[in-house]
Amino acid sequence: ISDQKPLGCWSVKHGQILTCPVVCNFETHEYIAVHDDKVLRIWKNEDINLDKAFKATLSADVYRIHSLPHGGPVVLFRGGGVRTLDVLLEAPQQEIENVISDEVIRWSEAFMEGQQPVLIFTTEKDGDYFVYVQKPKLSSLHRYKLEQQESAKPLCFTAHITNQTVTLLCLYSNDSVYQVLITLQQDTEEEEEEEEEQEILSKSLLLNLSVSGAVLKGTSLIVLDKDHVAVLGSLAAPGKEPKEYLTIWNTKFQTLQTSKELPLGTSGQLWCYEEKFFLIHGKVLTVIMYKCETSSLAAAVGKLKDSQTPDVSLFLNWNTLENEERAVSFPSQESVALKAESRMNLRSRRSTVAEGQPETLSVGQRLLNLKGASTYVLETELKKLMAKAPTPDLQATIGCVVTALTDRCKRNPKYYPQSFLQEIVETHDLSYSLCPDLMAVALEKKDLHLLQICLERFPDIPEEVTYTCLKAFLSVSEAHLQSVDVNVDSVICYIDVELDDKEVKTEIVENGFGAEMDQDMCDTKFPKESHFGSHGESCPVGLQKAALLNAVLHSAYTETFLLPHLKNLPAQQAILFLRYLYYLYVKCSEKVNTTLPGIRSPTINQIMDWMCLLLDAQFTVMVMLPEAKELLSNLHKFVRAQVRFYSELNKIEGSLQELQRLNHLRESQTYSIEVLEII
């Protein structure tokens, strides 16, 4: 998620439907999916075609698969039957018992209690709600009826297990959270009698979701720890339009701990995993990190005082200026801003920090104090801040420093610490998400060297920014680049540079595509402006521009997101870029190992991927332009010659392997002359 790059994508056939969420088996590192209710699929990350993955057709419809880190996957069927995945795969067509009758499953979750997996699910029938607790490995099942609530019904459930006790939390339509305690029973011979005399679970009020007259209409509820819950919902203040919020409540002291407005709206769903919230905000998946510390009365009272103010926004404090910060926000008098990448910290803090104690200031507070400092003081203090930053928070601190510098660049157009920014990026492992405004400022200032460094080092650059850099590099003139400091280590070892009309060329090793292989290559006519010669070709761009383009080739991207941007590339720039890629392709093919010399030189795979991507995006334009006709023809002939060459190699592959085997069997001290006939 931090790199914004899809790692894999699989799809079922047309007409098939995935009928429950896909999960990961933590033990085998495999994915498990169910389509069309009964068809189980299991595959690994390296598998490409889902249709060829492991398939098992089950005898009953699956409701949900739950994966436990140390207990393996557990499968819950729509009829209430439960099986561990191992038992299910031994006999996929085994009969699955119907535990529930005319009931509909509303929620389920799996837990580990000791060494045993425990699955809890709730069902509904005619307005009545039931709770089932199952231990699949012990074939244990207990059924309870949930106490009814007048004029209110449960909207969602969540639970946790502590000391053999299940704590079930229910969010009801009356804007309240109720708690139900269930003791994990040991199976006895009286189990049949227990089924006849069904136990009714009583509930107790845990939390009222109201603050200063405003009521939170919750849609999702999650337990964070024994004292905190998170609720996603719509907060309706008197006389104001409802707004969606993600809130964290202290159940021990009945207070709102912190909240975050979500102005773009949500899907109503909230997930939590390893101290991270996952929710759909607008059209994006937002990930928010949080940390809950031990609940204290002081913290609860402090929040309670804040919440008594009539302005809801005053107690919204998702502080981005604490440890492990991801972005700098400068708070106004009314609220504190938060970027989606920032972390929440539920720490109890004093509202003010006494002066004369600079060692207690957070990174954000120090940056706020430097907001109006002079350039010299600012850069000096920032260097000290980076030098003193503890190792766990070093990256976040550096990101805040860069953000502070770029913010000043925006406020003061004449200020641009070029060397300082380049030094920071070159000496620290940063990412685009830590300093998202850096490359935008570099593009505005036309700092090509800094852009080159960012493209080579940042793993998570958005495709739109990569395209903008490519367009800027292609549009800059060669004359201007002569005065620009650019790192040319990636091109200096292989590029052909013309000096006094004499070309200095690297050694050429024939790789099966020369005149002897394809006569068409000898008849090819190249455009004069590309300086192609009879024995090779020189680079269509200068040394500096080639180095900048290589940086783009190294940048990570997702084809789906980059392709729409490449379609907007001007035709002449697209042709120039394709000519350069073709030049690199020929250069790679000249070498036996298809590897270009130099530091950070592009690989053959990167060259081929970009060439295909550019042709996909610009093919119609290329076909229509007369100046691209010869280039496409030459590229076609070159690829065709290579295909023929490798086809011939495939024909003699067996003979070459036999020759290699004979070389191993040959005695090194014996002189002999052998004739091997290859048929």
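Me: In which loop is Ser555 found?

Reply: The model is a predicted one, in which local features need pLDDT of at least 70 and side-chain atom pairs count only at pLDDT 80 or more, whereas totals for chains, interfaces and linings use all residues. Residues are numbered from 1 along each chain as its sequence is written, and side-chain values use heavy atoms, with hydrogens and water left out. Helices (H or I, at least four residues) and strands (E, at least two) are DSSP runs numbered from the N terminus. On that numbering, the loop that holds Ser555 is the one between α13 and α14 (559–566).

Me: Is Ser555 buried or exposed, and which residues does it contact beyond its neighbours within four places in sequence?

Reply: A residue is called buried under 20% relative accessible area, exposed over 50% and partly exposed in between, with a 1.4 Å probe and protein chains only. Ser555 has a relative accessible area of 3%, and therefore it is buried. Taking contact to mean heavy atoms within 4.5 Å, and leaving aside neighbours within four places in sequence, the partners of Ser555 are Leu455, Ile461 and Thr466.

Me: Which residues of α9 are buried, and against which helices do they pack?

Reply: Nine of the 10 residues of α9 are buried, so this helix is largely enclosed by the rest of the structure. The buried residues are Leu448, His449, Leu450, Leu451, Gln452, Ile453, Cys454, Leu455 and Glu456, and Leu455 is also one of the contacts of Ser555. The helices against which these buried residues pack are α7 (418–427), α8 (438–445), α10 (463–475), α11 (478–481) and α13.

Me: At roughly what angle do the axes of α9 and α13 cross?

Reply: The axes are lines fitted to C-alpha atoms, for helices over the stretch in contact, and the angles run from 0 to 180 degrees between N-to-C directions. Angles under 35 degrees count as roughly parallel, over 145 as roughly antiparallel, 65 to 115 as roughly perpendicular and the rest as oblique. The axes of α9 (residues 448–457) and α13 (residues 543–554) come within 8 Å and cross at roughly 30°. By the cut-offs above, that makes α9, relative to α13, roughly parallel.

Me: How far apart in space are Asp460 and Ser433?

Reply: Asp460 lies in the loop between α9 and α10, and it counts as buried because its relative accessibility is 3%. Asp460 and Ser433 are 27 residues apart in sequence, and their C-alpha to C-alpha distance is 7.1 Å.

Me: What is the phi of His29, and what is that of Asp175?

Reply: Most residues other than glycine have a negative phi. Neither residue is a glycine, yet phi is positive in each, at about 55° for His29 and, for Asp175, about 65°.
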